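This briefing looks at one annotated site and at the surroundings of its residues. The sequence and the model come first, and the notes follow by topic.

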Amino acid sequence: MKEAISIKLLYISLAVLCIVSSETKIRSMAMKLFDAHCHLQDQRVVDKAPLLIHIANAAGVVYIAVDGITEKDWHLVKEMSDEFDSVIPNFGLHPWYVEGKSRSWFNTLKELLEANPSAAVGEIGLDKSPLAKGVDFGEQGSPEVVPQLTKLGSYFSFSGHLMPLKEDKARKIVKAVPLDRILLETDAPDALPTNPIFFVPGNATLNQPANVHSVLTYVASLLELSKEELADISYKNALGVFSFQGSKLPLK
């Protein structure tokens with residue numbers, strides 16, 4: 001009985017999503033987007049991942065980079081990539097969970113990457129949040145270090161985490177990055193934008209890859225670009241990052 005009710009609620013949620021997002025889907029048909037970083041293997045959404053991937057694809061999100069964070073979820077990322085052509089697999093250790101790694105983690109990672117040539121390495125970043133207590137973020141630098149990092153070949157990805165900042169500060173950060181180095185991401189299921197278009201069925205507090213549209217809208221406004229211009233720029237940038245020998249994407 002409970003299962004039947006859950007299925008019914010899911011279909012109701014889908015119907016609502018279709019109605020709410022139909023205008024966005026129509027507008028997005030001419031745009032290609034790339035969610036450069038998310039975690040659909042997260043236990044909060046993994047059971048809904050196929051649905052969220054289909055919603056994203058229908059909304060013009062052509063590729064979704066899914067990043068593992070511990071040895072325990074790498075297999076989920078691989079399985080997702082095997083099932084969906086639009087999923088770009090990434091295997092890595094999130095700094096928060098480094099202490100829990102096994103002694104053989106590096107060999108496991110190496111073997112996994114060798115067996116899956118379409119994969120990249122990630123998660124590897126530092127996240128500034130209340131969960132990262134004790135981390136000295138003063139050592140991570142500021143927008144002023146962007147030129148040096150750009151010379152080293154770095155790209156910079158923006159998500160809904162940018163939105164709670166004061167607009168002037170957000171604009172300064174975004175404008176410090178050359179246009180040919182900008183990526184867009186959702187960091188789903190976290191970093192729900194302040195102006196989400198799509199909601200995860202059953203939990204409106206969680207994010208999903210289709211909301212890269214919201215990130216696009218905000219970052220484009222900060223850069224005084226049209227959404228179409230930034231979509232094209234960020235999509236081509238992401239193709240450049242994830243196009244390598246063995247990847248799912250054509251080499252540049």
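**Briefing on the annotated binding site**

In this predicted model, the side chains of Glu123 and His39 are joined by a polar contact of 3.2 Å. Both residues belong to a feature that UniProt, in an unreviewed entry, records as "binding site", and which also takes in His37 and Asp187. Although these positions are spread over 151 residues of sequence, they cluster in space, with a largest C-alpha distance of 10.8 Å.

**Glu123**

- Glu123 is placed in the loop that runs between strand β4 (120-121) and helix α5 (146-151).
- With a relative accessibility of 4%, Glu123 counts as buried, because the cut-off for that class is under 20%.

**His37**

- His37 is part of strand β1, which covers residues 33-38.
- The relative accessibility of His37 is 13%, and this residue therefore counts as buried.

**Polar contacts of His39**

- The side chain of His39 makes a polar contact of 3.2 Å with the side chain of His37, and the side chain of Glu123 likewise makes a polar contact with that of His39, at 3.2 Å.

How values were computed: Residues numbered from 1 in each chain as written. Predicted model: local features only at pLDDT ≥ 70, side-chain atom pairs only at ≥ 80, totals over all residues. Heavy atoms only, no water. UniProt positions renumbered as here; feature names shortened; annotations may be inferred. Helix = DSSP H or I, 4+ residues; strand = E, 2+ residues; numbered from the N terminus. Buried < 20%, exposed > 50% of the residue type's maximum accessible area, 1.4 Å probe, protein only. Polar contact = N/O pair within 3.5 Å; in protein donor to acceptor, adjacent residues only side chain to side chain.
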